[in-house]
Amino acid sequence: MIAEDSPTQAAQITFLLTEHGYNVVRARNGREALDLLRQNLPDILISDVVMPEMNGYDLCRAVKSDPVTARLPVILVTGLSSPQDVFKGLNAGADNFVTKPYDESNLVSRIDYLLANQKIRAGENLRSGIEIELNGQRHFITAERQQILDLLISTYEQAIHLYDTLEERQRDLSKSYHLLDALYGFADDLNRCRTRAEVASAAIERAAKLPQVVAGWIYLNDGGTYAMASAIGVPYGVVPEMLDPSSIDHPKPETAAYRPQPCELEMSATMADQWGPQDHKWVSIDLTNDGEILGVLGLIYQVDHAISDENVKTLTSVGYQIGVALERARLHESLERKVEERTSELQRSERALAIHARQQATVATFGIRALGESSTGGICQSAMNALTQTFDAPFVRISEFRPATGGWVTHAASGWPEDVTVAADPEIADLVGAVMASSEPLAVADWSQASTMRCPRVLAAAGVHSSLVVPIMAPFGAFGAIEVHTGGRGTLVDADVHFIVAVATGIGAAVGRLRHEEGLRRTSQTLQAILDASPVAIITQGQSGVVQSWNAAAEKIFGYSAEEVVGRQMPVLAEIDGQPAAPLCGNPADCACDSGCHVQALAKDGTRLDIQVSRATLSAAAGGADGVVLTVDDVTQRRRLEDHLRHAHKMEAIGNLTGGIAHDFNNLLMIMVGNLDILRTVVADRPDALELLDKAIHASTRGSDLTRQLLAFAHKQTLQPAVVDVNQLLTGMTKLLGRTLGSNIKVHLKTGKDTWPTLIDPSQLDSAIVNLAINARDAMPEGGDLTIETGNLTADEGAVALQPGLTEGDYVVVSVSDTGTGIPEDVRQRIFEPFFTTKGLHKGTGLGLAMIYGFVKQSGGHVSVYSEVGHGTIFRLYLPRAMDAPDQQEADNAAAEAPKARNGETVLIVEDNDAIREAVERQIGSLGYTMKSASDASQAVAILQGAERVDILFSDVMLPGSMNGLALAHHVSEHWPDIAILLTSGFTEPKLKDQYKEHQFQIIPKPYRLIELARRLETLTVH
């Protein structure tokens, strides 16, 4: 039976006894337990001492006084907080005691013991009494002898149990101590090493002292070569001097943490002689730092040694320490080499450095004297001079406490080593901190007689006899402290104390003044920095209109410096188009821009500005208005950018439309050109039919040129950029332009000196120059001058601001200017739109400038135009600079006739458009190639996976499904590398072009002629 009022503890002991085979009856207090045991007597009663209604002592006394239950063994559960608890239990008749928390083995053994001896002692009831004195009180104890004997036995067993537990914990602590001592020794030894050889030697000596280790070695990684650096317990020749890196089982890269793994050592005959024929356990550890393997450590353990998880953790820590030490030693060796290399140079300049040092010392001395009492350091140093001249003290220091960091800063000191600071010595920090907290001086006349505190060890070691620590109080609070520690001179007298307190007071007052001045200065600087950092002009005016402040943005916007404006009336700006400009609130009372207004103004240099002005009233201290603050935002550039952005959006929308139309149109032209080329071979003997077909082919080719111009405008043409010498290209065009433009147009070429090469499609650039020249000719019907100039430009932030759309970088600028009629403003806004032309019917397509715009933009450049009606026009092409020299173009030696297939090669045609696929099949079939066709990438892959031979893949780039032509080409090149690849497209995105160029896939644009396709296929079969 259990008597326990706590449900948790009752459940705990019930579970424990049930696990050991006992049937348990529970009672919530002593009264309930007494009623239950009278109804059904248990074998033993376990009762808590503290319970409601009836405690454990009363319950035990009631059980032992009843003849029916007198022989029932009773165990009291108590904390044994005092001997009186035991005496009360003995007097109540308790047979034994159990302490909380329960010890399972102790409780069960007590129950087993009492139950085993219950029948043996059934006839013994001799009680005895004894009087004892404990803690000044007399106690008379009456108990049965068996009761006292059981208590003594249980106490002895508990003492043995506690002793065994303590001994086991002592062994664990001893192991931990030895392990920590070994690891500390490792770190201590490695920290002293300056070279990797020293690290290896120290590490292997320490590793050999680890328990059960009989031998070890270290290989160091030197550029991928592992060489023996140090070994112990290993005779010469047992392990190789060099280690094969492939034999090292390094951890895998994805392994989160490396754990050394034990393995069986395969012993050579020499190794067997050294360690015996038995197999030994050994561990190989990679010595790493930041993922780099710096070496390998090998350890051999005794035969009977089992490598535990603790060994693995220890060795992991050892490997980490050695790796860090090796990296540190490597850095040190590298530094020493650099120092040696610089030594000779430093020696040569020693004289110059000495002169420089003297100059610096002179400057430093002058700086300290000039500062005087205008800095905290100067104040403290002046105070230090006064203290050291007055006192013969070995240690004097003035320190400042900084609450923000919780640290101390020494401003002046005498006699202290550099490393002996307040923050570095906790004992001195506590001493000075106590003075700071109390705001009262602390004087110790004789440390040897001090009873409430101990002299700090650093002071005692220096022979300090007495000390005085005085807090430095400033108006803002405690600043720091002055320490004066004397030795042989003896105790400081009261006059000395008063002097030091006076010095501390002076320091506090001076520092307070500096802090106040510094605060005002920082506030002013902060406000000025805020004003100057603002991109908006901020201007303040007094009530009379006098300018009080004029920030940096105001200077930048209007061109007036602060010196020209502050203290004067607001400058009235010049007239705009004959009308008076806004005086920018020259009189605050006349300003009506409280909620913001938009006006035009002229800057000091006459530049027209669009500005937005807002105003707020400055209140006077006595009420009313004291002036105004104006914010002025220059929105000139913003409005210009908005106009350019609207234009760019319009051009982009038109480009997307024209690009899509051109792509679809190319597919239609492909069907026409392909079938016309085949039909030409059918009617080769009919000249009349051939003439008609050639006209149709010519018209289709003209349509192809039209779509190419559309694609150029839409930035979707396939360019073939090369490194071009623009000067050379233009020089070759000058004569051609002269003949083309006519005798009344004078062509002038002005090539810049050292003009950079540019990365551009030369044919497109040639076409662009011709287009611009023809437009210039049309603008000069009576004749004039056409000037083409080249030069270099590095576009910085300023240039980009003046040319929206231009990005920062290096450019080759080609300028084409004429002396023609010029372009009106309304026309200039639309000149780059496709099909927009001011020429008459049949005199232009309106695609020339659109093609130029798209070609240059797609090439990474920019186009600008400047024109004045009646004075002419200048087009500037900003072409990206190339870092390489120009390439020589190879001559085209292609045959005049379409070459046929050499050996009946098989071409796999992939095209989703049925009409185009049929036309391509006829073209390729007429060239003698064997054909296979597919409408998408999945069908093509299925054909390639078959057993039949395929030599060339000819695929459209735009295919339906999840795999387009480019993805199909990548797949084929990876799985069937022997198959040649040729791609085609109505248009090719620039990003797509970069991808196929990276993988060297050839591409032929639609529409293409039969002879062009034949030459491409022949090139693929040859290579």
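Reader: What does Leu730 touch, leaving out residues up to four places away in sequence?
Author: Leu749, Ile769, Ile788, Thr790 and Val814. Contact means heavy atoms within 4.5 Å. This is a predicted model: local features need pLDDT of at least 70, side-chain atom pairs count only at pLDDT 80 or more, and totals for chains, interfaces and linings use all residues. Residues are numbered from 1 along each chain as its sequence is written, and side-chain values use heavy atoms, with hydrogens and water left out.

Reader: Which residues touch the most other members of the largest nonpolar core?
Author: Leu730, Leu765, Ile769, Val814, Ile852 and Leu877, out of 36 residues. A nonpolar core is a set of buried (under 20% relative accessible area, 1.4 Å probe, protein chains only) Ala, Val, Leu, Ile, Met, Phe, Trp, Tyr and Cys residues joined through side-chain atoms within 4.5 Å.

Reader: And apart from that one, what else is there?
Author: Another core, of 27 residues, including Ala200 and Ile285.

Reader: Switching to helices. At what angle do α2 and α3 pack?
Author: About 20°, with axes 9 Å apart. Helices are DSSP runs (H or I, at least four residues), numbered from the N terminus. Axes are lines fitted to C-alpha atoms over the stretch in contact, and angles run from 0 to 180 degrees between N-to-C directions. So α2 is roughly parallel to α3 (angles under 35 degrees).

Reader: Which residues meet there?
Author: Gly30, Ala33, Leu34 and Leu37 of α2 meet Leu59, Ala62 and Val63 of α3.

Reader: What about α24 and α28?
Author: Their angle is about 65°, with axes 10 Å apart. Gln923, Ile924 and Ser926 of α24 and Leu1010, Leu1013 and Leu1017 of α28 make the contact.

Key:
Buried means under 20% relative accessible area, exposed over 50%, partly exposed in between (1.4 Å probe, protein chains only). Helices (H or I, at least four residues) and strands (E, at least two) are DSSP runs, numbered from the N terminus. Angles under 35 degrees count as roughly parallel, over 145 as roughly antiparallel, 65 to 115 as roughly perpendicular and the rest as oblique.
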